[in-house]
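Thanks for making time this morning. Please have the sequence and the model open while I talk.

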Amino acid sequence: MTEAVLAAGSKSQQAYDAVKARIVEGTYTPGYRLVLGSIAKDLGFSVVPVREAIRRLEAEGLVKFERNVGATVAGIDPTEYLYTMQTLSIVEGAATALSAPLVDAAAIARARAVNEEMRECLQHFDPVRFTRLNQDFHSILFERCPNPHILDLVHRGWNRLAALRSSTFRFVPGRARESVEEHEGLLQLIESGADADSIEKAARLHRSATLDAYLAQSTPQPATRGH
């Protein structure tokens, strides 16, 4: 393989990383037109690696091509988000309950430290960082699940959320504060040796509450009649 081919591949990866980061962080919002020439100029590359990067992002569902428009940032599919969150609430609840007896004091302390970071993050709210910390917190609680099939389904659910760019907290920032409090309640349940059903229910309701907040925010409310 020649150095020129290696360099092109490297630039394609760099372009992919750069554009994906801007989509995930919300710099490129849904519907944003991805003009290859402009992005290439901004990155200091030719158009070729940028085109390859955009094709990869299209395959992942982050970008779509429209006739007479070109490449644009795909929006979040509400139906896909609904199904993903419903499924994740079930499998993550089960994984957390099965994992609970194996979560020791050190893991609880680690999870509580992450939750404190999330609490601090509320001061100057950064939805992307908050979502990353949220995943770290839940990973500590479900990663010891002894059932590899359930654990695989949980990982798939989180990956699907990442593909949907679902920093839900960007849309319902008020939910973030409630989420931190619910985390502490979940930790206390595990610390106290609560039964599996109680832990599973708490974890499931915690996840579905975020979905409910998103749906309530995104559903048009009926107009109020004046008197």
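I will go through a few side chains and their surroundings.

Please keep in mind that this is a predicted model, in which local features need pLDDT of at least 70 and side-chain atom pairs count only at pLDDT 80 or more, while totals for chains, interfaces and linings use all residues. Residues are numbered from 1 along each chain as its sequence is written, and side-chain values use heavy atoms, with hydrogens and water left out.

Let me begin with Thr72, which is placed in strand S2, residues 70-73 (strands are DSSP runs of E of at least two residues, helices runs of H or I of at least four, numbered from the N terminus). Thr72 counts as buried because its relative accessibility is 2% (buried is under 20% relative accessible area, exposed over 50%, partly exposed in between, with a 1.4 Å probe and protein chains only). Leaving aside neighbours within four places in sequence, the contacts of Thr72 include Tyr32, Leu34 and Val63, contact meaning heavy atoms within 4.5 Å.

Tyr28 and Tyr32 form a stacked pair, at 4.5 Å centre to centre and 10 degrees between the planes. Tyr28 is buried at 7% relative accessibility, whereas Tyr32 is partly exposed at 36%.

Finally, Pro49 sits in helix H3, residues 47-59, and is buried, with a relative accessible area of 6%.

Methods
Phe/Tyr/Trp six-rings, centres within 6.5 Å; stacked < 30°, edge-to-face > 60°.
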